[in-house]
Amino acid sequence: MNKSLVSADAIRAMFASAMSDMYQAEAPQYCAMKALVADINRQTLANDPQLERRLAESGELERLDVERHGAIRVGTAEELSTLRRLFAVMGMAPVGYYDLSVAGIPVHSTAFRPIGENALRASPFRIFTSLLRPDLISDVKAREIATKILVQRDIFTPRCLELIDLFERRGFDDEEAREFVVEAAKTFRWNGQATVSSKVYQKLYARHPLLADIVCFKGPHINHLTLHALDIDGAHHAMAARGLSPKSIVEGPPRRRCPILLRQTSFKARPEPVEFIEEDGRRVPGAHAARFGEIEQRGAALTAEGRALYDKLLAETQSAVPLAADGANAQAFNEELARRFTKFPDDYETLRREKLAFFRYSADPRARAGEPMFPLSLDDLLRTRALRAEPILYEDFLPVSAAGIFRSNLGEQGGEEFSADADRHAFEAALGAPVLDEIAIYEEAETQSLAASLKAVGLESVASLQPAKSADAHIGAADASHN
Ligand code: OOG
Ligand code: NI
């Protein structure tokens with residue numbers, strides 16, 4: 001059969017849009033959030049025509065209200081490995097391993113996401129995916145109940161599984177791609193009918209609220225979608241006035257001139273009506289809080305050194321001013337965070353020269369026409385504007401931030417305390433594949449862009465460059481900020 005194959009980017013964009021429609025129909029608070037973010041973004045653009053121009057040029061403006069990510073939680077290795085195949089159809093690969101056990105959360109996670117500049121530009125949608133770690137639930141009985149319930153459920157429709165098989169054999173035509181998106185989205189819909197009795201729910205909930213959320217329903221309901229906010233602090237503060245209850249702080253680095261990594265905040269999940277099915281078959285009403293909404297703002301991807309500095313400053317902040325569970329000292333925490341982060345250089349040229357962040361190089365097409373510029377250092381090339389360097393956007397997640405988002409939704413009862421080690425090996429065994437290393441992806445993008453740019457100005461390789469002479473070379477890194 002001769003099928004015209006649909007691109008993974010196109011399928012992912014369709015899927016993201018289907019998830020957005022589904023979540024807006026299911027979760028009215030999320031609609032309020034979407035309206036709020038649209039208003040804040042509009043105001044920000046009105047106050048900053050330069051930003052508006054820059055976003056228009058890069059094509060970002062028209063995608064401003066497209067969701068950046070969502071999150072789900074699954075219970076078994078089989079569920080996770082099938083998800084890997086499902087997301088592969090949309091060009092999403094597992095990137096990064098996030099250990100949340102250190103924060104008392106019995107899951108470990110990865111992010112299924114597109115890789116590569118073009119794919120990310122076509123549709124940046126990612127799914128933060130967590131797998132339950134029953135080994136961290138010390139109550140043997142609760143663990144047994146959970147496992148027994150989980151092995152009985154099938155979270156995918158039979159047609160969805162058929163379509164994944166079909167795709168792996170020979171790709172999709174248009175109609176199959178459309179049908180796949182509909183079937184795939186069904187995996188993540190909300191179903192208020194619990195598969196267990198109120199007693200079982202309560203037993204699992206008492207062990208850990210996440211255990212109840214993962215085990216007691218038909219499938220891994222999408223628990224939030226995340227919008228891109230041009231002014232995340234403004235949006236954070238505006239939530240309460242719209243009847244949304246924000247978590248206490250914006251996670252991640254403080255507000256900076258040159259944004260780094262990821263800042264994110266959310267409103268807290270609200271209890272929603274559900275129905276339990278009692279042992280005698282009666283249905284009884286109850287409530288379950290699972291679903292919320294989130295906003296994010298991304299900045300430069302950091303090198304391993306940059307990331308180590310970020311982790312250190314954040315850890316110092318947390319030990320100097322531990323954030324109270326109710327967020328009562330949020331202001332003191334934010335002040336401490338801002339104070340500690342004065343140690344993190346806040347101009348792109350220093351970030352580049354000190355190798356704290358990754359940059360994408362490009363060449364001025366006219367540069368080659370000039371006289372030979374040898375010998376040259378990279379700094380010379382940037383100074384003469386033969387090359388440009390722009391920060392590479394961080395496309396991943398942060399474990400401490402993720403833990404903060406999880407915790408803000410666990411209510412008063414945080415579940416049992418435990419200490420555990422990361423278990424990347426077990427995660428990859430469950431996934432059926434290794435997770436990709438995010439730092440290596442950024443490094444590769446930087447290296448390739450530099451090699452291509454050098455070639456464009458008639459130089460062979462980085463090796464043909466002189467080492468930077470002195471610290472006087474300080475012009476050239478882009479001043480564009482990633483809002
Ligand atoms: C995921 C929480 C983490 C993020 O963006 O880091 C998260 C969850 O609650 O399942 O959303
Ligand atoms: Ni999120």
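I take as donors the N, O and S atoms within 2.8 Å of the metal (3.2 Å for Na, K and Ca); water is not among the atoms, so sites may look incomplete. The model is predicted: local features need pLDDT of at least 70, side-chain atom pairs count only at pLDDT 80 or more, and totals for chains, interfaces and linings use all residues. Residues are numbered from 1 along each chain as its sequence is written, chains are lettered from A and ligands numbered from 1 in the order in which they are written, and side-chain values use heavy atoms, with hydrogens and water left out.

**Entry: nickel site**

I looked up the nickel ion (ligand 2) and found His69 (NE2), His224 (NE2) and Glu294 (OE) as its protein donors, lying 2.1 Å from it. Along the sequence I read the spacing of these donor residues as H-x154-H-x69-E. Histidine 69 belongs to strand S1 (residues 69-74) and glutamate 294 to strand S9 (residues 293-298), 225 residues apart, and the pair thus links distant parts of the chain. Helices (H or I, at least four residues) and strands (E, at least two) are DSSP runs, numbered from the N terminus.

**Entry: domains**

I took the domain bounds from an automatic or database domain assignment. Domain 1 covers 8-295 + 394-436, and domain 2 covers 302-391 + 437-483. Over C-alpha atoms, I find their centres separated by 30 Å. With contact meaning heavy atoms within 4.5 Å, 29 residues from domain 1 and 28 residues from domain 2 take part.

I then looked up buried area, the accessible area (1.4 Å probe) that two parts lose on being put together, summed over both. The two domains bury about 2400 Å² between them, 60% of it on carbon and sulfur atoms. On the side of domain 1, Ile249, Pro254 and Arg256 lose the most area to domain 2, together 20% of what that side buries.

**Entry: salt bridges**

I counted a salt bridge where a side-chain nitrogen of Lys or Arg is within 4 Å of a carboxyl oxygen of Asp or Glu. This rule gives 43 salt bridges. One of them joins arginine 85 and aspartate 165 at 2.9 Å, N to O. Arginine 85 sits in helix H4 (residues 77-89) and aspartate 165 in helix H7 (residues 158-170), so this pair ties together parts 80 residues apart in sequence. Across the interface of domain 1 and domain 2 I find two salt bridges. I also noted a salt bridge between the side chains of aspartate 346 and arginine 256, at 3.3 Å, N to O.
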